[in-house]
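Let's take a walk through a protein together, one stop at a time. Have the sequence and the 3D view ready.

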Amino acid sequence: MGRRSRGEGIAVLLAYTMLAGAAGAVRAPYVAARARSLCAARPSLLSSCRVISPLACPLSPSSSSVCPVGAARRSSSAAPHRHLPMAAAATASAPPPALDSNPLLQDFAFPPFNAVRAEDVVPGVRELLKRLEADLLELESDVQPSWPSLVEPLEKIVDRLQVVWGIVNHLKAVKDSPDLRAAIEEVQPEKVKFQLRLGQSKPIYNAFKAIKDSPAWSTLGDAKRRIVETQLKEAVLNGVALEDAKREQFNEIEQELEKLSQKFSENVLDATKRFEKLITDEKEIEGLPPSARGLAAQTAVSKGHENATAENGPWMITLDAPSFLPVMQHAKNRALREEVYRAYITRASSGDLDNTGIIDQILELRLKKAKLLGFNNYAEVSMEMKMATVEKAVELLEKLRSASWDPAMKDLEELKRFARESGAEEADDIRHWDIQFWSERLRESKFDINEEELRPFFSLPRVMDGLFSLAKTLFDVTIEPVNGLSPVWNNDVSFYCVKDSSGSPVAYFYFDPYSRPSEKRGGAWMDEVFSRSRVLSRVGAPVRLPIAHMVCNQSPPVGDKPSLMTFREVETVFHEFGHALQHMLTKQDEGLVAGIRGIEWDAVELPSQFMENWCYQRDTLMSIAKHYETGESLPEEVYQKLLAARTFRAGSLSLRQIHFASLDLELHTNYVAGGSETIYDVDQRVGKRTQVIPPLQEDRFLCGFSHIFAGGYAAGYYSYKWAEVLSADAFSAFEDAGLDREEAIEETGRRFRDTVLAYGGGKPPLEVFVEFRGREPSPEALLRHNGLLPVGA
């Protein structure tokens with residue numbers, strides 16, 4: 001079938017979905033994505049989140065950087081594998097003697113994460129930029145409109161910068177330090193300057209235009225045509241058509257935006273770390289489950305209270321998710337819940353960490369950038385690289401909002417009634433810090449499910465074994481730990497090899513599972529380390545193999561217990577693994593559109609949301625839900641209750657995501673910094689239509705909304721719902737085949753692998769979906785999964 005313009009086919013389907021009343025439980029992501037990084041979409045209480053850049057996401061080649069046993073012992077005796085991936089070789093000129101040992105400039109097969117120090121960053125990046133500038137000048141001096149003369153040398157330049165800067169940025173996300181921050185801040189303007197120089201190269205732009213205008217255009221395959229079209233569109237968005245003063249202004253804006261986003265992210269991390277509440281009276285933490293008490297005591301020990309124990313305290317509460325969420329869900333002390341809630345929603349909104357002014361500056365600069373490029377607002381710029389349009393995204397959200405409002409109001413009334421029946425004094429005055437607490441009590445009452453009591457059934461080693469077994473069934477790949485083969489940045493990080501049915505490696509990935517609030521940003525994300533590439537293969541190997549990393553922030557092991565996961569944390573791991581699979585199982589050899597690169601942002605969540613569905617499939621769940629001490633399987637009645645609880649408070653969770661997405665679009669379409677409304681006024685105004693309990697007047701959630709101010713989701717947060725239609729319908733193919741028919745599941749899984757996971761950004765996502773499903777997407781699966789359509793319909 002022909003390619004639809006700007007995702008209009010999907011928009012029609014989504015419009016129908018909303019008219020039919022789609023108000024399903026939405027996975028709300030944690031606040032934490034960096035630009036183009038893929039975050040996990042999770043239903044945590046107050047978070048706001050890949051992408052990317054780890055898939056925060058589409059990873060575009062011209063804007064480099066887009067969510068096993070976690071504590072397995074590492075062996076240095078791991079045998080090396082064939083076809084090792086490698087970074088693009090450094091330019092031929094030998095480095096100055098002082099740079100000989102700089103790890104960022106080496107020809108490495110795996111990144112030297114353990115060797116890179118803050119003092120390596122400035123000299124290493126500067127030397128790299130010097131070499132890449134020479135390569136770019138050489139390319140421009142004799143650029144030819146042919147693949148070997150244009151695209152291949154361009155890919156080498158783009159890739160080398162992305163790999164090296166990716167290492168630096170990754171270490172900042174997982175091993176932050178003042179020295180590393182200072183080094184990045186010093187050299188970042190030079191990196192941005194080179195990116196702009198590359199993105200605005202008229203010789204390269206004209207050569208791509210010549211390819212498109214040549215007689216050979218019709219003979220190019222899908223992937224090569226997509227590369228040319230994407231490069232042309234991105235060049236325009238990078239300001240290639242701007243001249244003199246306008247280009248200079250554009251470049252100044254880009255430099256400032258990069259700096260502001262970095263500062264925003266740092267302020268959120270520092271504000272999160274700054275809040276500490278030491279509790280010595282056990283009555284104050286009544287209701288807190290043993291796992292949370294153990295973590296709180298462990299945190300207290302790390303802060304100098306060396307005699308702290310889970311039983312006797314003292315206990316340290318922080319705003320890091322594994323500490324914050326249990327307080328909101330389980331602490332009977334309402335005053336404690338209120339204090340922690342208020343601290344969370346006002347993070348980075350005062351004093352030396354205040355992000356308020358930074359947000360205004362970011363929004364003002366994005367609007368100026370849009371105007372320079374000839375757009376009315378920044379949302380229009382954002383939509384240029386997406387399937388949707390601003391109008392279709394707004395239409396989707398409004399239809400979803402109207403369909404979700406009544407169910408959300410019923411959720412609130414049910415919550416009040418339950419609290420009243422439970423004798424709660426606050427029953428007639430339910431506030432924000434009461435919602436999660438009474439929701440958990442109501443969930444326990446309705447479904448007899450206590451998430452904390454489920455933790456022993458979900459130990460990280462067992463969950464990862466089950467996840468890898470599922471990957472074998474669906475995609476015919478084997479995943480093995482190869483700890484010791486690659487350097488890592490923390491002892492908790494594991495390294496894995498993905499092998500095909502013949503036993504040959506096809507990819508590798510790192511997994512960093514645990515929260516480290518002193519140095520690691522919150523949330524969950526996936527990012528690429530190396531992409532698959534024919535051009536960048538080692539001598540004798542057909543391609544360079546892809547490498548990914550998955551990062552989570554779940555509860556670490558406490559004492560001699562493994563990491564015991566909540567069911568939401570299980571979903572998070574499955575989600576991020578879905579992103580990783582699309583990066584690792586690509587069969588696309590053109591590096592600029594391999595894996596997660598080049599996929600429209602509002603389609604990039606398809607594999608991640610697809611994988612979450614398997615958490616509810618009987619065989620998969622039962623394979624991972626084993627008591628970590630006794631080996632006892634999760635009782636059948638508990639499994640049935642988990643299924644029944646899947647759509648619990650669906651309307652409320654849907655509205656929560658709609659609020660984030662609507663606020664994002666409003667700020668990037670109509671808001672004018674310094675006008676009659678502040679950003680908080682806009683939040684209040686949008687909240688009246690999207691929240692059944694409007695935000696507090698002092699709510700400063702926006703100051704921690706890293707997804708849109710320090711990540712890749714600006715004017716794109718709606719993408720989670722857009723992609724959910726695709727992911728739900730993709731999973732319905734397995735339901736149609738029969739989830740209890742192993743042969744049918746395997747056959748459908750291979751088809752999913754050979755289309756959705758294989759094509760990368762080399763084909764329009766709608767065409768890829770039709771090839772897999774045999775038809776265009778239908779909203780029925782989404783409605784059914786959200787409990788809004790009878791199973792037999």
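R649 is found in the loop between α20 (636–644) and α21 (650–669). Those labels come from DSSP runs, with helices (H or I) having at least four residues, strands (E) at least two, and numbering starting from the N terminus. Before going on, a word on the source: this is a predicted model, where local features need pLDDT of at least 70, side-chain atom pairs count only at pLDDT 80 or more, and totals for chains, interfaces and linings use all residues. Residues are numbered from 1 along each chain as its sequence is written, and side-chain values use heavy atoms, with hydrogens and water left out.

Back to R649: its phi is near 55°, a positive value in a residue other than glycine. Most residues other than glycine have a negative phi, and most peptide bonds are trans. At 15% relative accessibility, R649 counts as buried; buried means under 20% relative accessible area, exposed means over 50%, and partly exposed lies in between (1.4 Å probe, protein chains only).

Now jump to D244, in helix α7 (residues 244–274). Phi of D244 is also positive, near 50°. Is D244 buried or exposed? It is exposed, because its relative accessible area is 64%. P314 sits in the loop between α8 and β3 (315–317).

Next, find helix α24 (residues 719–737). Its 19 residues should span 27 Å at 1.5 Å a residue, and the end C-alpha atoms are 28 Å apart, which agrees. The expected span is 1.5 Å times one less than the number of residues. Since 17 of the 19 residues of α24 are buried, the helix is largely enclosed by the rest of the structure.

In β7 (residues 525–530), six of six residues are buried. β7 pairs with β8 (residues 547–554) in the antiparallel sense over five bridges, where pairing takes at least two DSSP bridges between two strands. Which residue in β8 is the bridge partner of M526? That's M550. β8 also holds N553, which counts as buried because its relative accessibility is 10%. The C-alpha atoms of N553 and S515 are separated by 4.1 Å, although the two residues are 38 apart along the chain.

What about the inside? The largest nonpolar core has 139 residues, and F458, F509 and F577 have the most contacts inside it. Such a core is a set of buried Ala, Val, Leu, Ile, Met, Phe, Trp, Tyr and Cys residues joined through side-chain atoms within 4.5 Å. Helix α16 (residues 460–475) gives the most to this core, with nine residues. A second, separate core of 66 residues includes V151, F208, W489 and W525.

Finally, visit the second largest pocket, with about 550 Å³ of space. A pocket here is an open set of points on a 1 Å grid over the protein atoms alone, where a 1.4 Å probe fits, with protein on both sides within 12 Å along at least five of seven lines; lining residues have an atom within 4 Å of a point. The volume is the space filled by probe spheres set on the points, which are joined across faces, edges and corners. Of the 29 lining residues, P289, P290, S291, A292 and E452 are the closest to the centre of this pocket. α8 supplies the largest share of the lining, five residues.
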